[in-house]
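Thanks for coming. I have one structure to go through today, so please bring it up on your screens.

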Amino acid sequence: GYGSIDLIVARMNTEGGASSLLEDFDLTICKASFDGKHFRIPDPHRTFSAKSTMEPNRAAVVESYVKHFKSPSKKYLGEMAASALASTTIKAVRKDVPNAPFY
């Protein structure tokens, strides 16, 4: 919500530490950090305006998903119908953005 602070807790599996974890975030605004001494705020003009850029491949995936998503004909779908709808959308997105490494 407005004026809140989100805390992310993660298990570190890399030698790069927290900074390598931050680099994996898709939204620039999520890469802001505090290490106990220094605040690091990438793109502060946008961050302090509650705006953000997105990693290009992920932005392309979101754009493609919005383009291909079709609302279900019924409010509640059974498992098979929901799965088929999701699979159709995902196949179309993978065709649009074949080099996205995260899905």
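I'll start with helix H4, residues 79-96, which has 18 residues and reaches 26 Å from its first C-alpha to its last. That is close to the 26 Å expected at 1.5 Å a residue, where the expected span is 1.5 Å times one less than the number of residues. Helices here are DSSP runs of H or I with at least four residues, strands are runs of E with at least two, and both are numbered from the N terminus.

Before going on, the provenance. This is a predicted model, in which local features need pLDDT of at least 70, side-chain atom pairs count only at pLDDT 80 or more, and totals for chains, interfaces and linings use all residues. Residues are numbered from 1 along each chain as its sequence is written, and side-chain values use heavy atoms, with hydrogens and water left out.

Back to H4. Thr89, Ala92 and Val93 are buried in this helix. Buried means under 20% relative accessible area, exposed means over 50%, and partly exposed is in between, with a 1.4 Å probe and protein chains only. Seen down the axis of H4, the buried residues fall within an arc of 105 degrees, so they line one face of the helix; the arc is taken over the directions from the helix axis to the C-beta atoms. On the other side of H4, Glu79, Met80, Lys91 and Lys95 are exposed.

What covers the buried residues of H4? The cover includes helix H3, residues 56-68.

Take threonine 89 in H4. Threonine 89 counts as buried because its relative accessibility is 5%. Leaving aside neighbours within four places in sequence, threonine 89 is in contact with Tyr65, His68 and Phe69, contact meaning heavy atoms within 4.5 Å.

A search of the whole structure finds two aromatic pairs. Tyrosine 65 and phenylalanine 69 form a stacked one, at 5.6 Å centre to centre and 25 degrees between the planes. Rings of Phe, Tyr and Trp (its six-membered ring) pair if their centres lie within 6.5 Å; planes under 30 degrees apart are stacked, over 60 edge-to-face, and the rest tilted. Tyrosine 65 is partly exposed at 39% relative accessible area, and phenylalanine 69 is partly exposed at 38%.

Finally, the whole protein. There are four helices and two strands, in the order α-β-β-α-α-α along the sequence. Buried residues make up 11% of the 103 residues. Among contacts between residues at least 6 apart in sequence, 46% join residues at least 24 apart.
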